[in-house]
Amino acid sequence: MKTQGAICWNPGKREGWSVEEIEIDDPQSVEVLVRLAASGLCHSDDHIDAPVYHDDLGPTLGGHEGAGIVEKVGSAVTTLKPGDHVVLAFIPACGRCEPCVNGHSNLCELGQHNLTGVEISDLKPHVHARGQGIGTMCLLGTFSPFVLVHEASAVKIRDDVPLDKAALVGCGVTTGWGSAVNAAQTRAGDTVVVIGVGGVGMNAVQGARMAGARRIVAVDTAEWKLEKAKEFGATHTATSIEDAQELVRELTWGKMAERAILTVGLAEGHLINPAMELVGKRGTLVETSVAPASQKSIDLDLLTFGMYEKRLVGTLFGSENARTAIPKLLDYYMDGHLKLDELITRTYKLEEINEAYKDMADGKLIRGVISYDTAL
């Protein structure tokens with residue numbers, strides 16, 4: 001079928017997104033065609049346009065945070081049917097590889113194809129533009145009102161959840177929430193510092209609150225985001241890591257925080273040591289943010305790191321399993337415990353995608369969303 005899509009033709013060159021006609025193949029045996037209601041605008045897609053990922057990334061249909069309704073299924077699809085409401089998971093989960101069977105489907109072996117430009121079913125491109133095959137971000141490509149995905153990338157959800165809100169759980173909400181609850185292992189009574197309160201960090205604040213943290217310090221350079229963070233559970237705010245260090249020292253009588261979570265737009269090595277200084281003995285720093293592929297070193301006070309038994313933890317998708325986490329978080333939302341509506345700062349049309357990413361760069365968004373008319 002033919003539709004529209006936003007393509008980054010020259011990744012890493014900062015040329016922006018081109019919205020133009022694309023052609024999507026029919027579903028193969030294990031694939032599904034989904035009509036999207038909405039796509040979240042995540043920083044990770046902007047990193048395609050910037051020089052963040054590997055150098056050989058080819059033309060890419062962006063977007064990896066979406067929800068919609070199944071339109072058509074391949075002959076071997078067993079878990080979905082036309083009419084099902086789904087959230088797309090940016091890490092497929094096969095259910096058979098070692099990480100999956102050990103309860104870590106966020107590390108599924110199929111994820112190795114996420115930035116290759118080919119689809120899982122036959123290792124070929126299934127989206128075409130300008131007479132050539134193009135890749136899809138995280139095997140999804142939600143910057144288009146229709147997507148063709150492997151069955152392993154679609155998670156069935158309850159029909160009564162608004163799809164434009166459900167889209168956010170495909171990446172930012174789950175990643176942030178899980179960073180606080182799973183990776184940091186926040187406990188009741190903890191002091192938690194969240195560095196960067198955008199589309200991921202704001203949900204780390206929510207996760208820390210729901211896990212029972214006593215104090216949650218939100219750190220960001222944008223004052224309006226700090227005010228917004230209070231709605232999500234932040235008890236204190238700071239405009240820099242250095243200011244947060246003094247605040248946490250005062251709040252804890254010098255003990256420092258139990259957990260800190262780095263959710264800035266781009267992780268760089270010089271941020272690690274200041275962030276690590278926010279936590280005390282046996283404290284944990286979670287590094288959630290995407291880092292440049294070229295980032296091979298970090299600054300770290302290694303003596304204190306060892307002597308204080310601190311921990312530096314990486315996390316992908318908040319160390320969550322998509323097939324259990326996505327329905328769970330949407331239940332929390334429908335029960336009134338998790339905020340999703342409040343995350344959406346502005347809704348855009350697909351043709352406004354470059355304006356949307358400029359707004360993100362200017363610090364105007366918690367989460368921007370592209371709205372489609374196809375499945376609402």
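Against which helices and strands do the buried residues of helix 4 pack? In this predicted model, where local features need pLDDT of at least 70, side-chain atom pairs count only at pLDDT 80 or more, while totals for chains, interfaces and linings use all residues. Residues are numbered from 1 along each chain as its sequence is written, and side-chain values use heavy atoms, with hydrogens and water left out.

The protein contains 11 helices and 18 strands, which are DSSP runs numbered from the N terminus (helices, H or I, of at least four residues; strands, E, of at least two). With 376 residues, a compact globule would have a radius of gyration near 21 Å, and the 20 Å of the protein agrees with this; the radius is taken over C-alpha atoms, and the globule rule is 2.2 Å times the number of residues to the power 0.38. Buried residues, meaning those under 20% relative accessible area with a 1.4 Å probe and protein chains only, make up 58% of the 376 residues. Of the contacts (heavy atoms within 4.5 Å) with a separation of 6 or more, 73% are accounted for by residues 24 or more positions apart.

Helix 4 (residues 172-183) is mostly covered, since 10 of its 12 residues are buried, among them Gly 172, Val 173, Trp 177 and Ala 183. These buried residues pack against helix 5 (201-210), strand 14, strand 15 (279-287), strand 16 (311-314), helix 10 and strand 18 (367-371). Just after helix 4, Gln 185 takes a positive phi of about 55°.

The packing of helix 4 with helix 10 (residues 322-334) has an angle of about 90°, with the axes 11 Å apart; the axes are lines fitted to C-alpha atoms over the stretch in contact, and angles run from 0 to 180 degrees between N-to-C directions. The two helices are therefore roughly perpendicular to each other, a term that covers angles of 65 to 115 degrees. In this contact, Val 173, Thr 174 and Trp 177 of helix 4 meet Ala 325, Ile 326, Lys 328, Leu 329 and Tyr 332 of helix 10. By class, the contact has 6 nonpolar, 1 polar and 1 charged residues.

In helix 7 (residues 241-251), the residues Ile 241, Ala 244, Gln 245, Leu 247, Val 248 and Leu 251 are buried. Their cover includes strand 11 (191-195), strand 12 (215-219), strand 13 (236-238), strand 14 (257-262) and helix 8 (272-276). Helix 7 is followed by Trp 253, whose phi is positive, near 60°.

Note on methods:
Angles under 35 degrees count as roughly parallel, over 145 as roughly antiparallel, 65 to 115 as roughly perpendicular and the rest as oblique. Ala, Val, Leu, Ile, Met, Phe, Trp, Tyr, Cys and Pro count as nonpolar, Asp, Glu, Lys and Arg as charged, and the others, Gly among them, as polar. Buried means under 20% relative accessible area, exposed over 50%, partly exposed in between (1.4 Å probe, protein chains only).
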